[in-house]
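Subject: Structure handover and notes

Hello,

Please find the structure below. The notes after it can be read alongside the coordinates.

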Number of protein chains: 2
Amino acid sequence: MSETPKLSPPSPDTLDTLVRIVGESHAVRDPADMAPYLTEWRDRYQGKAAAVLKPGSTDEVSAILKCANETLTAIVPQGGNTGLVGGQIPFESGSEVVVSLERLTHVRDIDLASNTMTVEAGVVLQAAQQVAESAGRLFPLSLASEGSCQIGGVLATNAGGVAVLAYGNARDLTLGLEVVLADGRVLHGLKRLRKDNTGYDLKDLFIGSEGTLGIITAAVLRLFPRPVERVTCIAGVNELERATAFFARAYEAAGPMLTAFEILPRVGVEFVLKHADRTRDPLSAPYPWYLLFEFSSPRESGEPQAIAEALLQDGIEAGEIADAAIASSLSQAGELWRLRELMSEMQKHEGGSIKHDVSVPVALVPEFIARANQLVELMIPGARPVPFGHLGDGNIHYNVSQPVGMDKAVFLANWEALNAAVHEIVLDLDGSISAEHGIGRMKRDLLPHAKEPLALELMRTIKASFDPNGILNPGKLL
Amino acid sequence: MSETPKLSPPSPDTLDTLVRIVGESHAVRDPADMAPYLTEWRDRYQGKAAAVLKPGSTDEVSAILKCANETLTAIVPQGGNTGLVGGQIPFESGSEVVVSLERLTHVRDIDLASNTMTVEAGVVLQAAQQVAESAGRLFPLSLASEGSCQIGGVLATNAGGVAVLAYGNARDLTLGLEVVLADGRVLHGLKRLRKDNTGYDLKDLFIGSEGTLGIITAAVLRLFPRPVERVTCIAGVNELERATAFFARAYEAAGPMLTAFEILPRVGVEFVLKHADRTRDPLSAPYPWYLLFEFSSPRESGEPQAIAEALLQDGIEAGEIADAAIASSLSQAGELWRLRELMSEMQKHEGGSIKHDVSVPVALVPEFIARANQLVELMIPGARPVPFGHLGDGNIHYNVSQPVGMDKAVFLANWEALNAAVHEIVLDLDGSISAEHGIGRMKRDLLPHAKEPLALELMRTIKASFDPNGILNPGKLL
């Protein structure tokens, strides 16, 4: 496991200075009060900190970083603390200072003609979605943690989710950023422009840098028309290769009206049926794979319904899908989506689960899953792969539930070995070992294996020039 | 005007080494033969070079840069030589070496399930469009120079064009890059992935860097379903504010089916009607402004037509548009598009034209044009502003034709003063002084005025670490 680089624990004077910047009432120093900021929600990481600071303005963030940079104090930026790779949790040394952006909750601007909103880092994703909706627009980013995660964290990790297929990930939804650099200077890049070719793309360097190059304090986000008609479908598929062929057909027929395309394995559906209330088998017979997909239109036109009907018929005739259903009501659509949304959670009832967040070219998803399943059976006979996720993006959450009856700890002891072997397949297929969750602390040691040395060298060069003292989220990502 | 930094003119030995890398038959040293590579197509820039090299592979590009880096030889990468800001033309010293990517024309891969194609830098944009079309897909990037410009140049300048509204600019259409760095090392980043959160976004640093950070040799580009139904409309508008209101209405109604939204001023339409064959007034009466817009659908459904009809009626009822027509055939649609496509060219017949490629938030386009027109009348009474372009992106080509009867040279002497004054308005409205053409040589001296010092400092830091000897396109952009 990686260690915190050798920065100084903050002296009492430094801590006093930092606390004065935000004011006593917005600084947390009592260990019990700090606990929620130091624990990862699945309890995978437990850190310590010298203090948790909650600045109330960009100026305060700037003053904190200026002081931290001068005193060589390590800073861990934190949003909603929903990250899945430990990037937001300090190490165990207790010498780091957590900076929570939770008080930066101002919506600075909403511009309907330009289809943008300017929000601060601490705005919760769901609140941002609601601001857009109240204005008659859609902010399409949507993920499991949307009720807690904050825009700053979403951008720092380039979050993805279920709407990437049609709208792109956090990067694609961002036009401008305000960022505080390691030395406290503020980059004022809150442009509301679709087109701006005046030099290097600094914005996209900060997005996805996991708080290691600067602290994002505000962003200009893109808005879209609200879909007024949505049609949700589910299809049963016998062979994975048919699923990718059907995806190609659906994308060709619907283009940007295809707003989601997810895959679920039977075993995962069974876990949900078994452990969750108010669920039912989606089709009259079971199928090894299910496709859950959605068509949307900004106009009440019947077009999504017409596309869905034609496509299901064509897909069945072509032998790509074996059976299918179109949700006939919002509540039926909700039921279908619950099968997908509960998949990860319901796995918990089946014991330990070893997880992977990977992507491969869409065409290679069937090969990836087939090879990974073979490998799992070889390494841990009886273990139950539950590969599900964003088939349309080539992004599979390759989760593996323990064999029935095996001791959970014994199973979980295979975590790193299985990860390594699955990632080997991913890299062989020219995929990514972290499709949407990032690197953080969890995958930092895997990065040199997954990236070419030259890319790592360029990343280190950038890190060294943006944060020469290494105070920003040290020991994460790079 | 900026000067070439002090690099060495290549010695005869160095030149011999460079020529040997590509072979005599792919090196041009005769001044007459070099001329097409040294002249900007509108004759705004005339450069000199020690040689023009045409490598036939990434390895040869790598060997060239390794040698150039060791001998401090300045390199000017060049694609189709269609750039509008002189980025592709060497300076007058004659000590630079032009590297033309024109021989890298291989289509390395086309992957229909993943909706990607992997093409080399020298592939002409139109050829790339045709490769996609032959495979039943759309590569949506579309610009005036598509018959000559090459993918490498398109990416190096983050080209835009008429399809940005629905599909994004070159950056948004690129998933992966192969890049040769200044020292000759090759970054192998040809990933076909929609999602890959494994570290800093190096790809987007190279895109739009105008050949100053590395030479792009190949790219993975996104493909889309082919629109099978397209409906083109034109509307007459009396006031600019109504045009942006109507854009908001159209975007809300059609969402991603709104695939173009352009604005044309009456004076520009008149220039085209006067100087181009086979053109006619698009509506029965003249209007101060015209909106040219298009709806597309990947399915033969009548939906684009239905959207267009409903929208035009709503727009007329709301008083946003005064009159409108839907093209009833492909040839009528082509006629409408010719009005837009010939606008810049036909201006030539009206004498000198001073140009700007700017963007502002869409909501502020009317204010921008009003203020700029006032300014023009004040500075050059009788000069005729012809602001046209991509209203849906806030990107206006603010061209100004000379007053009737004025001496062309006398008018053009106002170029820099008018640019400065127009850019002042753009910056006041939080816009960009180069929306899609880039900085190159033309706007390099304007950059310090347009960007905040901290952004420039970060850009210089990146340049210094990626190209410490400054051999890549020196004196351009930064």
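What follows is a set of notes on the model, grouped by topic.

This is a predicted model, in which local features need pLDDT of at least 70 and side-chain atom pairs count only at pLDDT 80 or more, while totals for chains, interfaces and linings use all residues. Residues are numbered from 1 along each chain as its sequence is written, chains are lettered from A and ligands numbered from 1 in the order in which they are written, and side-chain values use heavy atoms, with hydrogens and water left out.

The two copies

Superposition is by least squares on the C-alpha atoms of residues with pLDDT of at least 70 in both copies, and contact means heavy atoms within 4.5 Å.

The annotated domain

The UniProt record, an unreviewed entry, places the feature "domain: FAD-binding PCMH-type" at residues 45-226 of chain A. UniProt positions are given in the numbering used here, feature names are shortened, and annotations may be inferred rather than shown by experiment. That span of chain A is 21% helix and 24% strand, and its end C-alpha atoms lie 38 Å apart. Helices (H or I, at least four residues) and strands (E, at least two) are DSSP runs, numbered from the N terminus.

Buried positions

Buried means under 20% relative accessible area, exposed over 50%, and partly exposed in between, with a 1.4 Å probe and protein chains only.

D357(A) sits in strand β17 (residues 357-359) of chain A. D357(A) is buried without a salt bridge, and the nearest side chain of opposite charge, K443(A), is 4.6 Å away. For charge, Lys and Arg count as positive and Asp and Glu as negative; His and the chain ends are not counted. A salt bridge is a side-chain nitrogen of Lys or Arg within 4 Å of a carboxyl oxygen of Asp or Glu. The side chain of D357(A) does reach the backbone nitrogen of E436(A), at 2.9 Å. Beyond four places in sequence, the contacts of D357(A) include N395(A), H397(A), S432(A) and H437(A).

H390(B) belongs to strand β18 of chain B and is buried, at 2% relative accessible area. Its C-alpha atom is separated by 6.5 Å from that of I263(B), 127 residues apart along the chain. Leaving out residues up to four places away in sequence, H390(B) touches K195(A) from the other chain, and its contacts in chain B include G161(B), F261(B), R340(B) and E436(B).

In helix α9 (residues 266-275) of chain B, the buried residues are R266(B), G268(B), V269(B), F271(B) and V272(B). Their cover includes strands β13 (258-265) and β14 (289-297) and helix α11 (330-341) of chain B.

Salt bridges

Over all chains the structure holds 62 salt bridges. One of them joins E350(A) to R384(A), with the closest N and O atoms 2.8 Å apart. E350(A) lies in the loop between α12 (343-347) and β16 (353-354) and R384(A) in strand β18 (residues 384-390) of chain A, so the pair ties together parts that are 34 residues apart in sequence. Both E350(A) and R384(A) are buried.

R185(B) and D183(B) also form a salt bridge, at 3.0 Å between the closest N and O atoms. R185(B) is partly exposed at 34% relative accessibility, and D183(B) is partly exposed at 28%.

In helix α13 (residues 365-379) of chain B, E367(B) and R371(B) are 4 residues apart, about one turn of the helix. Their side chains meet in a salt bridge (3.2 Å, N to O). E367(B) is partly exposed at 36%, as is R371(B) at 28%. Elsewhere, salt bridges that share partners join R171(A), K203(A), D204(A) and D201(B) into one network.

Positive phi

Most residues other than glycine have a negative phi. N158(A) has a positive phi of about 45 degrees; N158(A) lies in the loop between α5 and α6 (164-167) of chain A and is buried, at 3% relative accessible area. N81(B) has a phi near 55 degrees. N81(B) is in the loop between β3 (75-78) and β4 (97-100) of chain B and is buried, at 10%.

Regards

How values were computed:
Polar contact = N/O pair within 3.5 Å; in protein donor to acceptor, adjacent residues only side chain to side chain.
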